[in-house]
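Please look at the structure below before reading on.

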Amino acid sequence: MEGSNANTNKKKVEAEGEGESSKKKLKVTMGVETLDCPICYGPLGPKIFQCSVGHCICLSCREKLDKKCPVCSIKTSFKRCFAMEHVVQEAKVACSNKKYGCAEGVIYYQKEEHKKACPSAPCFCAASGCGFAGPTKVLLDHFLIHHKYASTILPDSGTVSLCLQPGLHVLRYTGTSYFFLLSMDLEPFGHAISVICIQPNVKEPKFKCNMEYDCVMTGCHESITCYIRSSSLSDGLPTVYDLIIPKGKISDDQNGIMFEATILSRSCLQGKGSAPDLQGTPYVKTANTAAVTADEEEERA
Ligand SMILES: [Zn+2]
Ligand SMILES: [Zn+2]
Ligand SMILES: [Zn+2]
Ligand SMILES: [Zn+2]
């Protein structure tokens, strides 16, 4: 197939050339090293500099260098290389989530940036030994069909009353690109519940959840509100609990607990940035600090 490309593209150029001469396109194959900085191996994006011989390097390497080209060791003054900048701005590659359905051609040096926002980025099945990954909607089907997790469709009010069983319970709106997962573990100290929003590429909580339980047998009632963390489950299920119902507070007849959950949009909360303390400060299961890398500031001319 590769060998026939030149021929196919030649035809394409000719055909397109007839109508819109300004939009002639040519598919080419080149080694990625051509598009990478030879010093830091990162992708070259504007601004690009070259030595007097023509070796191209990126802006951040240029700023760290004295007046000697590290490639040819010649004493030089670096100048902008606009020709190479044009090339890298046109060089498109397939998204690394192509196998999950992303059909976008991504500018090579913006590949990582796209990946962080790619709508087809996968979420992961956390069931031990499963390893399934797919876009959120595909993962939802996998949870319901393959693992047969209990599932409840949320009404517009966002409030559902359910008999919560140990294990995972899907809460979902119809037609959204995310869904929620309630998890209940039976720990020696009681029922431990957590809630998480399944979606890729999101760090800030976008929703909060009010959880309420009532037990007619013990007369205990409690209500807490917590932020819902978002996760692609790439690191497995959450390692924190949002609500712990201590042993004895609720009658444990092995048939689940009567539980009410309300999903609230975070937009009803004021402000941005660090989440203020709500009642439901998560209980940490194990010491686990999520590494959140700061968004890379893109250098623009
Ligand atoms: Zn560099
Ligand atoms: Zn050089
Ligand atoms: Zn993509
Ligand atoms: Zn699975």
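Four donors count as tetrahedral if all angles lie between 85 and 135 degrees, where donors are N, O and S atoms within 2.8 Å of the metal (3.2 Å for Na, K and Ca), and sites may look incomplete because water is not among the atoms. This is a predicted model, in which local features need pLDDT of at least 70 and side-chain atom pairs count only at pLDDT 80 or more, while totals for chains, interfaces and linings use all residues. Residues are numbered from 1 along each chain as its sequence is written, chains are lettered from A and ligands numbered from 1 in the order in which they are written, and side-chain values use heavy atoms, without hydrogens and water.

The zinc ion (ligand 1) is held at 2.3 Å by the SG atoms of Cys-37, Cys-40, Cys-58 and Cys-61, and because the four donor atoms subtend angles of 104 to 116°, the arrangement is tetrahedral. Along the sequence these donor residues follow the spacing C-x2-C-x17-C-x2-C. Cys-40, in the loop between helix H1 (5-19) and strand E1 (48-50), and Cys-61, in helix H2 (residues 59-64), are 21 residues apart, and the pair links distant parts of the chain; helices (H or I, at least four residues) and strands (E, at least two) are DSSP runs, numbered from the N terminus.

Buried means under 20% relative accessible area, exposed over 50%, and partly exposed in between (1.4 Å probe, protein chains only).

| Residue | Relative accessible area | Class |
|---|---|---|
| Cys-40 | 40% | partly exposed |
| Cys-61 | 6% | buried |
| Tyr-41 | 64% | exposed |
| Ser-73 | 45% | partly exposed |

Most residues other than glycine have a negative phi, and most peptide bonds are trans. Tyr-41, however, has a positive phi near 65°, and a cis peptide bond with omega of about 5° joins Pro-46 and Lys-47.

Note on methods: Four donors count as tetrahedral if all angles lie between 85 and 135 degrees; four count as square planar and six as octahedral if opposite donors are over 155 degrees apart and all others between 65 and 115; anything else is irregular.
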